Amino acid sequence: MSLLEIRDLNVRYAIAGRVKAAVAGLANRYIDAVIDVSFEVAAGSTLAMVGESGSGKSTLARAIVGLTPFASGSIVFDGSNPFATGPHPSRAYHRDVAMMFQDPVSSLSPRRTVEALVGEPFVIHGLGNRNLGAEVRRLLALVGLPADFAGRYPHQLSGGQARRVGVARAIALNPKLIIADEPTAGLDVSVQGEILNLLARLQAELGLTYIVITHNLAVVRHASDRTAIMYMGRIVEAGPTAEIFAAALHPYTAALIAAQPNPDPAHRRSGPVLTGEVTSLRNRPRGCEFHPRCARAADDCRELVPAAIGRGPGHTVRCHHPLA
Ligand SMILES: Nc1ncnc2c1ncn2[C@@H]1O[C@H](COP(=O)(O)OP(=O)(O)OP(=O)(O)O)[C@@H](O)[C@H]1O
Ligand code: SF4
Ligand SMILES: [Mg+2]
């Protein structure tokens, strides 16, 4: 069963006020950071969200948790619409859906102890009258930190320890879904593995559902059931992770995978090379947004935005000329 169902979600940012836009002669004072995004996440599963910097991954995450308003579309969580009464979701939804922010150390306030940081979700939700010290010790144990870390400050933590504090905060209120934005970025490879193992253990023990946002395809391959690939705000391909890696359908997906170093020579492949920069969202190309970088681009690609088409169970692609 789907825990989360997103339909046709659109998020835009105003890049200039009305007056400034008029003075500068801007035709469009908005950029579209998330466009017509639809996907589902099954309870207990992990969905990986992949895409280059600026593709809209964090914006999508912020919209789902209610931190950034969305212009249109729908979000159904556990069978109901948490945004039914307006842009601010219910308290219950805030407890059920937790976010682990990109860049853990700077997202922790430097002057607060680990105890205060891990206890904060309880205080925010008016549950601060519980035995907070005991709750914090329980959570530290769950994320594999010694109890005496409660008195430390963020600058006294290693990157991996700060990540664990972030995980403890995320699981504090017993959520159903955790959206982890770059959970392993900036960590040594061995520490990345420890954090991924921690997340996997907590998923099994607590029945959690994850959306993991990452640039790291090794993480995707290791840790997700399904993968969605974003390009300039759209999901251009989504499907079972094993299928995506074995037979990507979108030229962009294939290029991302081919660009990934593979230490095993038997599995080294030659594929399309990803060249050029992502086009600025202020100058969105006509037709398929990937066409300026795509070796397969044809006339229709320069005119028409490809619709999402189904290719096999649970596998969709937005491309006029998919690879299979
Ligand atoms: N508050 C904001 N106001 C205006 N534009 C924004 C704002 N936040 C993000 N953007 C723009 O929206 C686009 C998507 O940004 P977003 O942070 O969602 O990308 P991302 O995929 O998470 O990138 P990264 O991998 O670098 O974290 C980018 O062009 C970004 O510059
Ligand atoms: S629609 Fe055309 S330009 Fe876009 S990815 Fe497919 S082949 Fe390439
Ligand atoms: Mg981001």
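Biologist: At what angle do helix H5 (residues 114–124) and helix H7 (residues 159–171) pack, and how far apart are their axes?

Modeller: In this predicted model, where local features need pLDDT of at least 70, side-chain atom pairs count only at pLDDT 80 or more, and totals for chains, interfaces and linings use all residues, the angle is about 30° and the axes are 7 Å apart. Residues are numbered from 1 along each chain as its sequence is written, while chains are lettered from A and ligands numbered from 1 in the order in which they are written. Axes are lines fitted to C-alpha atoms over the stretch in contact, with angles from 0 to 180 degrees between N-to-C directions; helices are DSSP runs of H or I with at least four residues, strands runs of E with at least two, numbered from the N terminus.

Biologist: Why are H5 and H7 called roughly parallel?

Modeller: Angles under 35 degrees count as roughly parallel; the angle here is about 30°, and H5 and H7 are therefore roughly parallel to each other.

Biologist: What makes up the contact of H5 with H7?

Modeller: Val114, Leu117, Val118, Glu120 and Pro121 in H5 meet Val165, Ala168 and Arg169 in H7, contact requiring C-beta atoms, placed from the backbone, within 7 Å. These residues divide into 6 nonpolar, no polar and 2 charged, where Ala, Val, Leu, Ile, Met, Phe, Trp, Tyr, Cys and Pro count as nonpolar, Asp, Glu, Lys and Arg as charged, and the others, Gly among them, as polar.

Biologist: How do you know that S9 and S11 pair?

Modeller: Pairing requires at least two bridges found by DSSP; strand S9 (residues 234–240) and strand S11 (residues 316–317) have 2 bridges, in the antiparallel sense. Alanine 238 stands opposite threonine 316 in S11.

Technical notes: Parallel < 35°, antiparallel > 145°, perpendicular 65-115°, else oblique. Contact = placed C-beta atoms within 7 Å.
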